[in-house]
Every structure is written in C-alpha cells, then in structure tokens.
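Trainee: I'd like to learn how to read a structure like this one. Can you walk me through the features, one at a time?

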Amino acid sequence: MAIHEYDLVVIGGGINGSGIAADAAERGLKVALFEAKDFASATSSASSKLIHGGLRYLEQYEFRLVREALGEREVLLQKAPHLITPMRFRLPHRPHLRPAWMIRIGLFLYDHLAKRVTLPASCGIRFDPHTSALQSQIRKGFEYSDGWVDDSRLVVANLMHARELGADVYNYRPCVSATRDNGQWLVTVQDERSGETSQVRAKALVNAGGPWVKSIFDEQLKLKSPRGIRMIQGSHILVPQIHKEKCAYILQNEDGRIVFVIPYLNKYSLIGTTDLEYKGDPRQVHISESEIDYLCNVVNNHFKHNIRREEIIWSYSGVRPLCEDESDSPQAITRDYTLELQDEQGQTPLVSIFGGKLTTFRKLAEAAVNKLQPYFNCGDCQSEKSILPGGNCDPEQLATQLLNDYPFLNKTICRRIAHAYGTNVFNWLEGAHSKEELGQWFGEQLSQREVDYLVSVEWALSADDILWRRTKLGIITDESDAKALADYLPSMQSADEAPMAQVG
Ligand SMILES: Cc1cc2nc3c(=O)[nH]c(=O)nc-3n(C[C@H](O)[C@H](O)[C@H](O)COP(=O)(O)OP(=O)(O)OC[C@H]3O[C@@H](n4cnc5c(N)ncnc54)[C@H](O)[C@@H]3O)c2cc1C
C-alpha cells in the first residue's frame, strides 16, 4: 500500500495538539494527529478547568500571558458556549496576606487589560456572618469573572472540528519514531490494540507531547531538544458540595499560593490545586497524603464546614509541562509558552511546544501554524470566529428544550447532555420516544445510544474513555455498571479508520 502523505503530522492529542490540528486544517492543510493513549488522557483532563487570565500571574509580572488569556475568555465563550460557562469568583480578604489596595489594583488590571464584552467587572463584596459559608470572621472580599471549561471535551471538540475539515485523527497510536527522509518526515506509529506499526509521510511535524515534549526529542526524534521543561505536579480533590452559591471561591494560603473551590456537576466542590516539582513518569502521577492535607487545611481555614478525608469522593493529579526558566519555586515558573521552530535547509520544519495553558490553546495554535506558514501556501488563522462542533446554541435553552421534547429524561440528564454535546446531542437523541428506545442503561444517566455515539463519532474505545473523559459519569457509576459498559464495548466498531501503510 502507498504511504499516506500529509502536510502536517501532530504528535500528541492534548489541548495544544488538538488546537493546532484544528487551526492547520482550517487553513487548508492536510493534517494527521496521533495520540499515544486517549485524547486528553494526560494534563488536559487534569486541570482546574478554568478559562482564566490568572490573577496570581500578575504578581509575577506576566502581563503578556495575562492579557492574552483574559482576551481569550470572551473568544472561547463564543467558540464553545456549551463547554465553557462564565463563572464569578469570590476572593475572601486576608489583610495579612495581601493588602486590599494591592488586590484592587490587580482586579483593575484584570478588568481592563483585555476587551471584556459579556463578563461583568470585579467589585468589592461583604459576607454576612450568619448566611455566608465562610467562617464568621471573614467579612469582606472581592468578586471577579472568569470561565469554567470541560477540559477533556474541549480537546475532543477541537479534534472533531479538525476531522470535519479533513484531518485524520487517531488515539491509542503512539508515534514510535519520526525521521527526516528525502525532504519529508517519515513518521512511524504503532496501534496499541493490534501492536501493528504503520508509516505516514509529512512535510512538517509538530511535537505537542506536553510533559513528553523533551522525551519525544530523545526517544522518537533522536534529536537534541532545544529547551528543557519543568514538570510541576498539581492535584485536586472532589468532595460533596461545601457551599451552595453558584460562584467559585479563590482562597489565599499562608504560603502565598491560592486554592480554588469550584462548584462541580451541581452537587460537588472541586478543590485544587497544588504545585510540586515532579520527577517521575507523568502517567504515574497521583495525589500524595501531604497534598490532601494541604488542600483540606486551606479549605478548613476558610469555610464553616470542615472537610474530613473520608468525604473525598475522587481525586486526580496532573503534571504541568512548564518551560524551564530556572525559577526557584514551582509556583514562580512561567505559565507562558515558547514555540521552537527547527528545519533542515528550509525543509522538514519541526515546531515544538514548551509550556502553555488550556486558556491560551487557540492563540498558541495560531502562533504554531503561523510558524509553518512560510513552508506552505496557507492562509491566515480563522479560529477566532469559528464555532466548535455543537456550539451553535445557548446550552441552558437547549437543556430546557430537551426537557420539553424528551420528557422521559430528567433535568440533570438534559443539562448534562446539553452542555456536553450542544446541538450535536440530536445526532444520537433524535427520534427517541422513551427511555427504552435509548437501549441498555449503564447507571442512571448513560444510555446505549449515547455510548454508541461516543464510540462511533468521538473515538471512545474503553469504559474509562467514556466514564472519565467524554463524560465524568465515572464519579457516580458503580462497579457493576462500569463492568456492564466494559463488557458491551468490545462488540462496538471504533471511530473511522483511514488507510495507512503497514511496516514489515
Ligand atoms: C493541576 C493543573 C491545573 C491546571 N489548571 C489549568 C486551568 O485551570 N486553566 C488553564 O488554562 N490551564 C490549566 N492547566 C494547564 C493545562 O492543563 C496544560 O497547559 C495543558 O493541558 C497542556 O496541554 P498539552 O496538550 O500541552 O499536554 P497534554 O494534555 O499532556 O497532551 C500531551 C499528549 O501527548 C501525548 N503523547 C506523549 N508522547 C506521545 C507519542 N510518542 N506519540 C503520540 N502522543 C504522545 C500524551 O499521551 C498526551 O496526551 C493546569 C495544569 C495542571 C497540571
């Protein structure tokens, strides 16, 4: 079989790789993306899930990053309104940690560094000691706006968009080597399921390996990495809701760090994060006892309700792949990104991504594809205006419509699927008249029709792909339902397969 030829191959299906694939496909490039495990299985599903400017980064004078990230809030709210929701954040005032004047200046900059269209401005607030969830001595604070995002679904939405524009997208297919060969990249990938290797050719390559960006240089490309990265572990815990307000809290800790308490899936509070240097295999990262203590202590120093360890329902950890900048402490390392372009006699360009944030993925992708522009006759970036699949809706109105049109579904399901799929929900729900018509149920919320859709359209292959990344139903799914789902899956067909030349 002839070897498939692409303009661009992207290694890594986290938010940065998927954003780059979507941007390049929008500009008319023929793109393939290979992800070693499931999409968003690494850092891009382990974030705090905020689309934010990063109030704290102002203290580190990261004005470029904060301005870009602040501007992206409004762009992304338009681009994926089903996946990204505006959220108010309450900052209790702790005078011995940061004086009020300093916070007011910070919030003024936050409100004005970039264009704000829909998000309300910041303001000072008072907490009523009788009704507030905070301890009664905390009387004053501030409120400001940012956004909340379903991080792993944002990755999949970008990949679906890339596919609509002609990209070939594969999960569970690690790149095992990529070499320059006759003015092209020869990329070898291995199918995790069958073990078979295959090859494609490409004019350009992107290394979007996140925490693996340097090891991809060492092991797959056999080239010297132009930069180092610092891996910084961050962990979160999930507990039953500790406050009823729709807003999130941003708590200042004595060590100068901040911890978020974010309303999650209507009945939980998501608490994080930590900042610790990490040296091991990024896939093995997990929360430590001291991180649990740290997060519980910060919350217990602020809220009336004290969390106990037994209340923790779920925890997760991820590794921030930060660009090495020789900072002493993990929290001081820049959250900004650096792109490196290398080529050989004007051919076979390689763009590598060091650092970055979920919030800035679109601008990062634009900058990465701009670097490739001289090698291709491709146009300018279009991603500011394009809407991600399913995003042409108001998700709350859609949830109300679903409840009306499909009365056999309850409010919780309707809200969940409206936000998860946007208008794409009709691709699997259309025509159903009863719960039974949706087939087998795996727990109270997940139907066979939804599972079939996730497998055939969203590349889901395992129960974990479905329960922890395409949805977060893993939190409420018991062992027997998870097993029933796993038993059901092998009989399913996987997402589309494009032909590739076999090796050997
Ligand atoms: C605790 C924590 C909280 C955070 N909170 C926020 C937040 O609230 N807001 C925000 O904007 N940002 C946040 N971030 C940052 C953000 O999550 C990351 O910057 C972003 O997810 C990095 O995406 P990525 O695509 O570079 O890396 P990843 O998501 O890690 O993707 C890299 C991918 O490359 C794949 N890969 C590796 N080797 C190969 C190979 N040989 N072949 C094919 N694929 C390969 C991996 O499997 C992986 O899926 C947070 C990060 C952490 C850790």
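Predicted model: local features only at pLDDT ≥ 70, side-chain atom pairs only at ≥ 80, totals over all residues.

Mentor: Start with K214, which counts as partly exposed because its relative accessibility is 33%. Buried means under 20% relative accessible area, exposed over 50%, and partly exposed in between (1.4 Å probe, protein chains only). Residues are numbered from 1 along each chain as its sequence is written, and side-chain values use heavy atoms, with hydrogens and water left out.

Trainee: Which residue forms a salt bridge with K214?

Mentor: A salt bridge is a side-chain nitrogen of Lys or Arg within 4 Å of a carboxyl oxygen of Asp or Glu. For K214 the partner is D218, with the closest N and O atoms 3.2 Å apart. The two are four residues apart in helix 5, so about one helical turn separates them. Helices (H or I, at least four residues) and strands (E, at least two) are DSSP runs, numbered from the N terminus. D218 is partly exposed too, at 39% relative accessible area.

Trainee: How many salt bridges does the rule give?

Mentor: The count comes to 36. One of them joins the side chains of D168 and K30 at 3.8 Å, N to O. D168 sits in strand 7 (residues 168-170) and K30 in the loop between helix 1 and strand 2 (31-34), so this pair ties together parts that are 138 residues apart in sequence. D168 is buried at 15%, while K30 is partly exposed at 32%.

Trainee: What about R201 and D181?

Mentor: Their side chains meet in a salt bridge of 2.6 Å, N to O. R201 belongs to strand 10 (residues 197-207) and D181 to strand 8 (residues 175-181), so the parts tied together are 20 residues apart in sequence. R201 is buried at 16% relative accessible area, whereas D181 is partly exposed at 26%.

Trainee: Now the ligand. Which residues come nearest to the ligand?

Mentor: A residue is near a molecule if one of its heavy atoms lies within 4 Å of it. Of the 38 residues around the ligand, E35, S44, L50, G356 and T359 come nearest.

Trainee: Which strand gives the most to the shell around the ligand?

Mentor: That's strand 16, with three residues.

Trainee: And where is S383?

Mentor: S383 is in the loop between helix 7 (361-372) and helix 8 (395-405). At 5% relative accessibility, S383 counts as buried. Its side chain makes a polar contact of 3.0 Å with that of R362.

Methods: Polar contact = N/O pair within 3.5 Å; in protein donor to acceptor, adjacent residues only side chain to side chain.
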